[in-house]
Amino acid sequence: MATETLTSSEYIRHHLTNLTYGKLPGGDWGIAQNAEQAKEMGFWAINLDTMGMSILLGVVFLALFSSVARSVRQGVPSGLQNFVELMVEFVENSVRGSFNGRNPLVAPLALTIFTWIFLMNLVDLVPVDWIPHLAIALGVPFFRAVPSTDPNITFGMSLDVFAMVVFYSIKVKGLGGFLGELSFQPFGKIGLPANLFLEGVNLISKPVSLALRLFGNMYAGEMIFILIAIMFGAGIGIGVFGGVLQWAWAVFHVLIVTLQAFIFMTLTIVYLDMAHQEHH
Amino acid sequence: MNINATLIGQSITFFLFVWFCMKFIWPPIVQALDARKKQIADGLAAGERGRQELELATRRATSDLHEAKQKASEIIAQAEKRSSQIVDEAKDTARAEADRIIAAAQASVAQEVVRAREALRVHVAELAVAGAERILRREVDAKVHADLLTAIQNEL
């Protein structure tokens, strides 16, 4: 809701500002009071809101699943166990479908990625003002509730995936094999610089595309929610129309939320599969 | 929108969560799923085996029934044959017995006839002798003419 004291751009800016903790201009450590201060904090600052939400949702996921894992029964499953088993089987099938190596890490990794990203994306369906307003009521100036609209979060995850890809490439093929793959493909030994360039771009594009795809989709989705929310302040007619739009976009967004989580998971599996495959 | 240490925080958190999931969540659930899968497969196999056994037993029962029926009808046929045989035998025996009785009767009749004839013969001889005596009056000595008399007797 754009209140009278806020212009639309201020409203949007408020919604897109993280709750950043870092070194303030004065030299003290504290929470940035506006976007400019947050920017000045440089690298050594932390977004308390997205980080906190991300950890919270991760813990929710782990608690939910481990409660089932602890009491898992062989007999007829019920309720939560049913759901968890459904997820596990879904992920297991995805991994079996696209991962040909043998690595006990991949399936749990895929499950974690899918469920965690799904939960992080799902926060996007909470009306955009609820959580920030609740935060303001609690005395917190900014709160971006959707962790996957923060590139730090998406890059944090994709860089981990990248690290695993590199690690397993070297582990499976050896350092020589990994470097050889970078240097001697696709043009053979003569085209070494071109190979290095192409394969390098290929390699780097994996984490970048993973992170940016998720970030871009969720950021755009949130942006549209925010823009729709602005309509609520513009009279009853437009407000009602905005309500309809928000509902429609939310329905559509459910698809995006699931799809992005699924894409991130599937691409991770595929990248790790490629890392495990030996080229001759 | 700034890249900052959240990146590192998220990386570390991510690794920890994946590790936790790999250590404590994935194995027990997958194990339970596999165990259940095996249980279901075993159950299905057992069901299939039971079905086959039932089919086999049904087939065996049918064949047994069939065999029993055949045997029974065989026995009945045999009994019928035997009974008619007994009846025939009885008839034969009866006929033989009747023949024997008839034969015996005839024999005894014949015997009676012979005896009667013998008696008659004697009688007639005596009568003849008596007649002759009467006719001849003492001219015929019984002792002298015994041979003659016997011969006459035999001719009768």
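This is a predicted model: local features need pLDDT of at least 70, side-chain atom pairs count only at pLDDT 80 or more; totals for chains, interfaces and linings use all residues.
The radius of gyration is taken over C-alpha atoms, and the globule rule is 2.2 Å times the number of residues to the power 0.38. A compact globule of 156 residues would have a radius of gyration near 15 Å, but the value for chain B is 60 Å. The C-alpha trace of chain B spans about 190 × 25 × 15 Å along its principal axes. The secondary structure of chain B consists of 2 helices and 0 strands. Of the 156 residues in chain B, 13% are buried. Chain B has an accessible surface of about 12000 Å², and carbon and sulfur atoms account for 62% of this area.

The largest nonpolar core contains 57 residues. A:Val88, A:Leu111 and B:Phe14 have the most contacts inside this core. At least two core residues come from each of α3, α4, α5, α7, α8 and α9 of chain A and from α1 of chain B. The largest share, 11 residues, is supplied by α5(A). Beyond residues up to four places away in sequence, A:Val88 touches A:Phe65 and A:Leu111 in chain A, and B:Trp26, B:Ile29, B:Val30 and B:Leu33 in chain B. A second, separate core has 12 residues, among them A:Ile12, A:Leu16, A:Ala250 and A:Ile256.

A polar residue was also examined. A:Gln81 lies in helix α4 of chain A. Its relative accessible area is 6%, under the 20% limit, so A:Gln81 counts as buried. The side chain of A:Gln81 makes a polar contact with the side chain of A:Glu85, at 2.7 Å. Leaving aside residues up to four places away in sequence, A:Gln81 touches A:Val68, A:Val72, A:Arg73 and B:Arg36.

Technical notes. Residues are numbered from 1 along each chain as its sequence is written. Chains are lettered from A and ligands numbered from 1 in the order in which they are written. Side-chain values use heavy atoms; hydrogens and water are left out. A nonpolar core is a set of buried Ala, Val, Leu, Ile, Met, Phe, Trp, Tyr and Cys residues joined through side-chain atoms within 4.5 Å. Buried means under 20% relative accessible area, exposed over 50%, partly exposed in between (1.4 Å probe, protein chains only). Helices (H or I, at least four residues) and strands (E, at least two) are DSSP runs, numbered from the N terminus. Contact means heavy atoms within 4.5 Å. A polar contact is a pair of N or O atoms within 3.5 Å; within protein, one must be able to donate a hydrogen and the other to accept it, and residues adjacent in sequence count only if both atoms are side-chain atoms. Accessible areas come from the Shrake-Rupley method with a 1.4 Å probe; for residues, only the protein chains shown count as cover.
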